[in-house]
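Subject: A structure to look through

Dear colleague,

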Amino acid sequence: MKLWRSVVGKLWITILLLVSFVLSILTFMLLEFFEQYHVEKAEDELSQVASKIARVMESHEDQGLARSISWEIVDSSTKVLIAQDDQHYWYSPANGQMIDIPLSSIIKDEELSKVMAEQKMVIKETEYSSILTDSTDTNEIIIVGVPFTSQNDKQSAVFLYQSLDAVEQTTEQTTRLIFMAAGIAFMLTTFFAFFLSSRITSPLIKMREAAFEIAKGKFETRLPVLTHDEIGSLGVAFNKMGKQLKLNIDALRQEKEQLSSILSSMADGVITLNRNGMMQISNPPAERFLQAWYYESGMDEDLEKDIPLEMKELFSRVVSLEREQLIEMTFQGRSWVVVMSPLYNDDSIRGAVAVIRDMTEERRLDKLRKDFIANVSHELRTPISMLQGYSEAIIDDIAATEQEKREIAEVIYEESLRMGRLVNELLDIARMEAGHIELQEEPTNFQEFLERVVKKFQGLAKEKSIHLSYTCEQCNQEEVSFDPDRIEQVFTNLIDNAIRHTDPTGNVTVKATMLDNGIKVDVQDSGSGIPNEDLPFVFERFYKADKARTRSKGGTGLGLAIVKNIIEAHHGQISVHSKINEGTTFSFFLPRK
């Protein structure tokens with residue numbers, strides 16, 4: 001990180017600039033002050049010395065002695081000119097550094113001439129060249145003129161002048177000292193400013209690092225509190241904030257997990273949409289609904305999370321009408337009811353939630369109920385009508401001969417058997433579905449059992465010119481525990497169905513395979529097959545894949561439902577695979593006990 005982009009650098013530079021500005025102003029003012037001070041001090045000293053000499057000259061009658069005393073009073077850097085008139089004037093002893101200024105030049109000067117003319121003290125800073133017209137010396141001097149009255153009452157004056165070089169030397173020395181002090185102060189300020197800024201910003205840097213750690217999810221991060229000032233209080237507040245933030249995040253996480261668990265465990269699908277109709281959240285049942293739509297519409301579910309067009313139109317109605325809307329959709333042979341309600345953010349709609357219920361089972365049960373009533377009515381109405389008709393024929397003596405009466409009685413008997421068989425099958429399947437089926441399981445040699453069952457149908461198969469065969473792989477005369485009567489009922493239904501739906505010269509094969517964990521049986525025929533749309537319903541009551549099946553074929557539509565219940569009572573599974581004009585295979589598995 002660059003220094004001027006950090007708080008340390010900014011604070012350090014700010015302090016340095018501020019101190020530099022103050023030191024610059026202070027140095028400038030001190031230089032001006034000392035320069036003026038030294039000049040004023042020199043003027044003061046010269047004025048005092050000049051006044052003292054003037055008093056000496058006034059108080060002594062012996063002017064020669066007075067002048068000698070005066071020469072002793074001044075130092076070697078100062079020149080003295082004592083003038084009693086234009087013709088009588090004296091200079092202090094020779095000083096190689098000072099030039100004797102003629103009295104005439106002083107009298108010609110507008111300001112200095114006032115000393116003798118107006119008897120007033122005059123102090124003037126000037127250059128040699130401004131007084132001495134024939135001189136090119138630009139050195140500055142201070143001239144102090146003090147008037148006095150000599151012993152002969154003549155107007156006299158004392159002129160002292162001194163070069164400003166000494167003052168300048170003193171000023172230069174003072175300037176060096178001031179600059180040295182300013183430099184030392186600047187260096188000390190630099191060091192202490194960096195130290196102070198580092199000390200102040202060090203807790204802030206730690207706080208920044210802790211904030212990044214918290215941003216990464218490490219809410220247990222704490223700052224060490226080493227001071228009791230504002231920064232220490234800030235550290236305490238930061239730690240409290242991190243602790244409270246952790247508590248709030250944990251609470252939100254628990255609430256989110258709880259809502260996610262509730263959402264995932266719901267039997268109904270749930271999808272939330274934002275204001276633009278884009279999907280935000282969905283649970284597993286909703287995902288299954290969308291997968292069915294993806295598959296049917298040919299979309300790649302990994303490319304884009306989208307919703308069906310019907311749901312988009314439903315969403316538009318929900319947003320415009322601001323109330324709940326409902327539609328029913330069908331994908332992959334399953335029925336779905338979608339109920340969509342608006343979601344509000346204060347007074348505006350921020351989206352919608354769609355509840356998707358799979359109504360396939362309800363629709364199937366409703367259809368089965370209707371089919372059951374229709375089939376039972378149909379199956380019972382026909383034999384009842386025949387019983388009623390033939391009974392009336394006997395009562396009305398329509399049959400003229402004993403042979404006709406016997407034929408009518410046989411028809412009545414067959415129809416009564418048919419009704420009894422239908423009622424028994426209805427009772428059996430009702431008991432099975434209610435869980436009241438009782439199995440009489442016993443160890444049975446499966447190969448001998450299968451051979452006996454298949455042999456029972458050989459005569460029927462020969463009548464239709466159908467080749468009926470069986471195999472039992474890895475049986476090895478092994479005994480298996482099951483209810484032989486119920487399993488024989490299963491084989492009877494499956495083999496009978498296979499023979500009845502196989503054309504002459506066709507094949508029906510029963511294949512059994514002994515596995516480590518049970519028995520797998522396939523009953524395969526080369527018949528007309530079952531349409532794909534009928535396959536999911538072949539094990540339902542009264543469902544007939546062959547819609548043109550006649551009553552003469554003896555089907556009631558209950559056989560496969562009974563088979564499924566028997567297999568499931570043995571804790572097994574049954575399935576069917578079929579292709580039109582290629583045949584059908586019913587497969588079931590019986591686990592070992």
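To begin with one detail, which residue just after α15 takes a positive phi? It is H571, with a phi of about 65°.

Before going further, please note that this is a predicted model, in which local features need pLDDT of at least 70 and side-chain atom pairs count only at pLDDT 80 or more, while totals for chains, interfaces and linings use all residues. Residues are numbered from 1 along each chain as its sequence is written, and side-chain values use heavy atoms, with hydrogens and water left out. Helices (H or I, at least four residues) and strands (E, at least two) are DSSP runs, numbered from the N terminus.

Buried here means under 20% relative accessible area, exposed means over 50%, and partly exposed lies in between, with a 1.4 Å probe and protein chains only. Among the buried residues of α15 are L560, I562 and I567.

Helix α15 packs against α14 at an angle of about 145°, with the two axes 9 Å apart. Axes are lines fitted to C-alpha atoms, for helices over the stretch in contact, and angles run from 0 to 180 degrees between N-to-C directions. Residues of α14 including V490, L494 and N497 take part in meeting α15, where contact means heavy atoms within 4.5 Å. N497 lies in α14 and, at 16% relative accessibility, counts as buried. The C-alpha atoms of N497 and D525 are separated by 9.4 Å, although these residues are 28 apart along the chain.

A nonpolar core is a set of buried Ala, Val, Leu, Ile, Met, Phe, Trp, Tyr and Cys residues joined through side-chain atoms within 4.5 Å. This core has 45 residues, and those with the most contacts inside it are F446, F491, I495, V521 and F588. If neighbours within four places in sequence are left aside, the residues in contact with F588 include F491, V521 and I567. Apart from this core lies another, of 24 residues, among them L290, L314, I327 and A354.

Now to the strands, where two strands pair if DSSP finds at least two bridges between them. An open sheet is formed by 5 strands in the order β7-β6-β10-β9-β8, with antiparallel pairing. Strands β7 (279–282) and β8 (325–331) stand at the edges with a single partner strand each, so one side of each is left without a neighbour in the sheet. From one strand to the next, the twist averages 25°. Between β8 and β9 (residues 334–345) there are 7 bridges, and T330 has S335 as its bridge partner in β9. Helix α9 (residues 309–321) packs on this sheet, touching β6, β8, β9 and β10, and its direction makes about 180° with that of β8.

Elsewhere, strand β4 (residues 140–149) has 8 of its 10 residues buried, so this strand is largely enclosed by the rest of the structure. It is joined to β3 (residues 122–127) by 6 bridges, and it pairs with β5 (residues 155–163) over 9 bridges, in the antiparallel sense.

With best wishes
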